[in-house]
Structures are given as C-alpha cells and as structure tokens.
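Please read it alongside the sequence and the coordinates shown here.

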Amino acid sequence: MRPFDGARVVLGVTGGIASYKTVWLARLLTQAGAEVDVVLSRSAREFVGSITFEAVTGRPAHTVLVAEGHALDHIRLAKAARVVVVAPATADFLARAAHGHADDLLGAILLATGAPVLVAPAMNDHMWAHPQVQANAERLRDLGYHVVAPGTGPLASPTEGAGPGRMPEPETLLAHVGRLLEPPGALTGRHVVVTAGPTREPVDPVRFLSNHSSGRMGVAVAAAAWRRGADVTLVAGPLSVPAPAGATVVRVGTTAEMAAAVRHALATADALVMAAAPADFAAAAPAAHKLKKDRAPEALVLARTEDILTATADARRPGAVIVGFALETERVLEGARAKLAAKDLDLVVANDATEPGAGFGGETNRVTLIARDGVPQVLPLLSKEAVAEAILDRVEALLP
Ligand code: CTP
C-alpha cells in the first residue's frame, strides 16, 4: 500500500526552466502510487519533451486540446483527477488562468475539473514581484486555487534570485498533493504544536551540552499533522533532518527558548505533541569567553533546566490535547505512567532507549501509547512516520 495508490493526478507543465524539476515530481508522484496524467503546454515542450514524462509516469502525456480521437480529453482528464497540479506555472499561465482562458488543454481542464488545484509559480524574481502577476495570483487564490508561494534561492539567471521566484522543491510539492488528497478529518483547521530535536545549553561561546536527538520523530508528527489539514507550528532545536513542508518552523537554541516558544504557541493550540528532547542540564555559570585548554576548569557545575511541559501547563487552553514522550531505559511503563501524571498529559508515548530500533536517531521506533485510562496500546516496530500516524489517530480521538 503506497500513500497515493490509485489517485489520478493531472500534472500541468507550462514553459519555464523549472520544468526539469517537474520530471522529478512526476516520478515522486508515480512512486507514491499516483496515476499521473501529464499535460504539457506548447511552450513547456520547448523545455522538456513528452517522452521524458511518459517514461517516468508510464502513461501517455497530453499536449493538444483537439486531436483526432481525443476530442474530449479535457473532460475525461478533468473528471478523473483527484488533484490538478500546475508546476511550474509561468506568469503567462497565471494571467490566462486568472481570466479563464480555455484555448489549450490545460486551461480547459482547469475549467472542467471539480478537483482541488495546486499552482506552483516559478519565474524571475522581478516578474513574480510585478503587481500584475501578484494580482493574478491573488485572483486565483480568491477562486480557491492553492497557490504555493515560490521560494528564494538561485534562479536560472545567475545574476538574479534576490527575491522569491524559485519553484518549491518537488518533495515540498509532493507534500502539498498529499494534503489535498486527504479527506477532511478531526485535525482539519486545528492548530497543532509539535516540538522536535534537542536543545543546546552553552558551556562557553563555542561549546554546548546537548543530546543525540535527531528531531526525526517530531518532524514526522508535524508532517503528518499538516497533511491531515492542521495548521502546524514546529518548535525545533537543531534538526538532523529537513524541516517538513507546510509547518511554520520556530527555531530555538536553549531549553528556556523552547519553553518560551511553546508557551507562546499554546495560546492558540488545540494539541501539543512534545516530541523534543530538551537538554535537562545547563552549565550553572556559562563562561563569557572561550575556555582555554590550558586553563580547563576541574569540574563543570550543572543546573537543571526547566521542565517545559510542567512550566507551561498554565498556558494550555481548556480541552487542548497534550502528548508527551517518555524515554526510559528501565521499568518503561511505570516511568511513562509517572510522567503522564506528573506532567498532566492526555497521552504518553513510551519508548525504551535500550531497545534495538527504538529511541533516538534511527528511522524506526517501538512505542507504547498510554492515555489517562492507563490502558497500554503496544505498537510493533514501525517507521517513525507510522508511529506519527498512530499518535495522531489518538490525538484526533481525544480532541473535544
Ligand atoms: N520534557 C520537557 N522539558 C524538559 C525535558 C523533557 O517538557 N526539560 C518533555 C519531553 O519532551 C517529553 C517528556 O517531557 O515529552 C518526557 O521527557 P523524558 O526525557 O522522557 O523525561 P524527563 O522529564 O526529562 O525525565 P527523566 O530524564 O528523569 O526521565
């Protein structure tokens, strides 16, 4: 079972250099199980040929509105699509779509489809900034199109690229398609706050105390919550994995900074999933200058950092679902139940750091979920993505 199995996706390609990245998007969609119907505009074919897309998707690519034997292609494709994606969307495409032009196959599909439409503009940064282009993008948003803002980064022309214009990466667009394919559920429109990664406590200006957390578990929860339709705030220490698409990422350094960011986010949160591993100890008196090795201190005096879940409990909204983790190395369930009570949690995710495949760093986890009723839900060894889904299933059920 792949995430997009059987989903028909129309992938419209218009004439921009970023269309070379759309080939990779077509491949990612196909690998995820989607049946991808590529529709190329005339100018797109100047950049990448149909045959490339056909090889990647294993399906015919479409180019013309009316051809012998294909008179109703636009209706057939539009009706079958669960999502329509236009990537890259040129300035000219935005203008034409904003005015409902239907003199080519893609334009006609957009008018005939009832499926959600994702548009990924990509162009020179000055073009994207032009009020005319902005007005067209705004018009499409008003019409219900999902317009993904382009990113800032290198553009085709090496002298340009100071402002946004670059097409988001295919992996990001894939995540957007996943969100559009998801039926509305209990998390749709909810605000979910997730913490991820370790924190760092300075010893001196160049050294710190931290731990081995990669942030992978929290990032998986944030990605899954966003796909389920939530507005996601990810409060993240230094991550060893890329931040997920869609989430608003708040970067923090120390445990106190993470506590402040969590407190702020809790004001509007429907759920908090505290997957981070905040440093529990800080240097009691961090040095203002780098500690020289010939004057090394004999001992480092530690102070406890604050417990974020406990310290921010007063900021929780009534009914907010609070999920904590319990990383233990012995008497796992006992320790987890104690944390559930002490930190006033609705759900605790217990894991044994000594077990192979569980805990920090890796791609898998073996966890037991325990809610206030105390009944353990023992899960098998799963990918962290699958663990994230199981946690969110429980969160959805606990939401008022
Ligand atoms: N946590 C927190 N603030 C901290 C440390 C941990 O809010 N300063 C959260 C973690 O994000 C996790 C839960 O508390 O959701 C339990 O973390 P864990 O490391 O298992 O336990 P600790 O509370 O740190 O206790 P101990 O180290 O004694 O097991």
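Buried means under 20% relative accessible area, exposed means over 50%, and partly exposed lies in between, as computed with a 1.4 Å probe on protein chains only. The model is a predicted one, in which local features need pLDDT of at least 70 and side-chain atom pairs count only at pLDDT 80 or more, while totals for chains, interfaces and linings use all residues. Residues are numbered from 1 along each chain as its sequence is written, and side-chain values use heavy atoms, with hydrogens and water left out.

**Salt bridges overall**
- The structure holds 26 salt bridges, each defined as a side-chain nitrogen of Lys or Arg within 4 Å of a carboxyl oxygen of Asp or Glu.
- One network, joined through salt bridges that share partners, includes Glu182, Arg228, Asp393 and Glu396.

**Pairs with exposed partners**
- Glutamate 334 and arginine 331 meet in a salt bridge with an N to O distance of 3.4 Å; glutamate 334 is exposed at 52% relative accessible area, and arginine 331 is exposed at 57%.
- Arginine 96 forms a salt bridge with aspartate 103, their closest N and O atoms being 2.7 Å apart; arginine 96 is partly exposed at 23% relative accessibility, whereas aspartate 103 is exposed at 53%.

- The side chains of arginine 227 and glutamate 389 meet in a salt bridge at 2.3 Å, N to O.
- This pair links helix α10 (residues 216-227), which holds arginine 227, with helix α14 (residues 384-398), which holds glutamate 389, the two residues being 162 apart; helices here are DSSP runs of H or I with at least four residues, numbered from the N terminus.
- Glutamate 389 is partly exposed, with a relative accessible area of 24%.
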